[in-house]
Amino acid sequence: MSAVRLELRLDSHSEWIKIFDPRDWTVFVPTDQAVENGSTLRIDLDVGGWLVTLRGTVVGTRDDPAGIVVALAGTEREKINYLNGFVRGGLLNLREKRRLPIRLQVTYGAVEGPASTFTKDINEEGVFLFTDKPLPETSQVHMLVTVPGKPQPLSLVGKVSHTILAADEEPPGMGVVFDLDDAQREALLSVIKELEEQLKKNALPGTTIE
């Protein structure tokens with residue numbers, strides 16, 4: 001069964017705090033649409049121009065105001081951590097923990113030769129790549145990451161830290177921890193900072209927001 005899709009536009013960041021409950025990771029979505037409990041839901045969220053897609057399961061309804069309560073999927077944790085930091089203005093303090101939930105094209109060395117995919121999220125410590133055929137854990141992987149507005153892809157090297165298979169009921173892929181020299185790390189930090197600023201200003205292409 002395909003997921004129900006709803007749009008949720010919030011005029012200001014403070015409105016997010018009113019609808020998100022950090023105690024049980026649920027979010028209230030105002031809607032007159034009848035959605036059954038247990039339905040899979042995709043929320044296209046716009047928070048003051050910051051666009052992100054959230055996925056979860058409907059666990060309840062409310063009458064006043066009318067709407068549904070959605071339990072967010074565990075896969076959305078990085079996005080929520082980032083969003084909470086964005087709302088509270090604490091991005092710099094959360095830098096070591098959060099990842100930018102953006103979609104960048106990546107070419108990497110797979111067992112069967114070069115493979116193309118996209119990132120789920122990225123920060124200066126690592127990246128998660130979507131793939132149906134993740135490499136074994138501890139494998140070294142070389143990646144060329146295409147960055148919007150940059151003429152040349154970013155060349156990065158890392159080791160596979162964990163994998164998610166299709167049977168895990170989450171998008172399959174692999175987490176990679178970077179293993180970089182000083183010059184590579186400096187280039188990556190510069191790119192991460194630029195992407196973060198563009199994300200905050202809603203200046204990234206729509207296809208870049210994961």
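Start your tour by selecting Arg103 and Phe118: the charged end of Arg103 sits over the ring of Phe118, 3.9 Å from the ring's centre. Keep in mind as you look around that this is a predicted model.

**Into the core**

Now colour Leu100, Ile102, Tyr108, Met143, Leu156, Phe178 and Leu195. These are the residues with the most contacts inside the largest nonpolar core, which has 28 residues. At least two residues of this core come from each of several elements, including strand S7 (105-110), strand S10 (140-145), strand S11 (154-164) and helix H3 (182-200). Which element gives the most to this core? Show H3 to find out: H3 supplies five residues.

Zoom in on Met143 and display what surrounds it. Setting aside neighbours within four places in sequence, Met143 is in contact with residues including Val106, Tyr108, Leu129, Leu156, Val176 and Phe178.

**Along strand S10**

Come back to S10 and show its side chains. In a regular strand, side chains alternate between the two faces of the sheet. Which residues of S10 are on its covered face, and which on its uncovered one? Val141, Met143 and Val145 make up the covered face, while Gln140, His142 and Leu144 make up the uncovered face.

S7 and S10 run antiparallel and are joined by three bridges; look for Val106, which stands opposite Val145 in S10. S10 and S11 also run antiparallel, with six bridges between them. In that pairing, Val141 stands opposite Gly158 in S11.

**A cluster of rings**

For the last stop, select Trp16, Phe20 and Trp25, which form one aromatic cluster. The structure holds three aromatic pairs. One of them is Trp16 with Phe20: this pair is stacked, at 5.1 Å centre to centre, with 10° between the planes. Now turn to Phe20 and Trp25. Why is their pair edge-to-face? The ring centres of Phe20 and Trp25 are 5.7 Å apart and the planes stand at 90°, so the pair counts as edge-to-face.

Note on methods
Residues are numbered from 1 along each chain as its sequence is written. This is a predicted model: local features need pLDDT of at least 70, side-chain atom pairs count only at pLDDT 80 or more; totals for chains, interfaces and linings use all residues. Side-chain values use heavy atoms; hydrogens and water are left out. A nonpolar core is a set of buried Ala, Val, Leu, Ile, Met, Phe, Trp, Tyr and Cys residues joined through side-chain atoms within 4.5 Å. Buried means under 20% relative accessible area, exposed over 50%, partly exposed in between (1.4 Å probe, protein chains only). Helices (H or I, at least four residues) and strands (E, at least two) are DSSP runs, numbered from the N terminus. Contact means heavy atoms within 4.5 Å. Rings of Phe, Tyr and Trp (its six-membered ring) pair if their centres lie within 6.5 Å; planes under 30 degrees apart count as stacked, over 60 as edge-to-face and the rest as tilted. A charge sits over a ring if NZ of Lys or CZ of Arg is within 6 Å of the ring centre and within 35 degrees of the ring normal. Two strands pair if DSSP finds at least two bridges between them.
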